[in-house]
Amino acid sequence: MVEQPTVGKPQRVAVAAVEAGDVDASFRTVTDPATLPPDVQMIHAFDSPLELLVGPGHPLASARRLTPPQLRQHRIWVPGIAPRSEWAEFYDQLATDFDLRIDAAGPHFGDEVLLDTLADSADVATLVGARDRIGAA
């Protein structure tokens, strides 16, 4: 396997395990399919809907459904996105495709800090997976 600089260690380990027959499949995002060896194939498995979290003072707080164009004028804060990660690529593509302002500034100090920030803000929003149990005990 030729190691590419854009391929992260977890992906290399997963690809090596698939190539060796140690595992049948690995569920992950591959940001550059060209880095996969010829005998390893990537297929789309599923999409996960996103939900927008905002505090009670946010202009979108009472919205039941939103479309990407409705989010264009709003700051979407997703702290702690690691540069060159699969999540960074996902959010970069989302921002590009839908002309969104996604702010990755700052470290992620945990869900409680994020939720407190949202609760106290009239202009900060974040995105989470629809099945995430953020803040759940």
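This tour goes through a group of aromatic side chains and then a valine in a strand. The model is predicted, so local features need pLDDT of at least 70 and side-chain atom pairs count only at pLDDT 80 or more, while totals for chains, interfaces and linings use all residues. Residues are numbered from 1 along each chain as its sequence is written, and side-chain values use heavy atoms, with hydrogens and water left out.

Begin by selecting W87, F90 and Y91, which ring pairs link into a cluster; rings of Phe, Tyr and Trp (its six-membered ring) pair if their centres lie within 6.5 Å, and planes under 30 degrees apart count as stacked, over 60 as edge-to-face and the rest as tilted. The count by this rule is two aromatic pairs. In one of them, the ring centres of W87 and F90 are 6.3 Å apart with planes at 80°, so the pair is edge-to-face. W87 and F90 sit three residues apart in helix α3 (residues 86-98), separated by about one helical turn; helices are DSSP runs of H or I with at least four residues, strands are runs of E with at least two, and both are numbered from the N terminus.

Colouring by relative accessible area (buried under 20%, exposed over 50%, partly exposed in between, with a 1.4 Å probe and protein chains only) shows W87 exposed at 53%, F90 partly exposed at 34% and Y91 buried at 9%.

Next, select V128 in strand β4 (residues 124-129), which is buried with a relative accessible area of 9%. Beyond its neighbours within four places in sequence, V128 is in contact (heavy atoms within 4.5 Å) with P49, L50, E51, L53 and I134.
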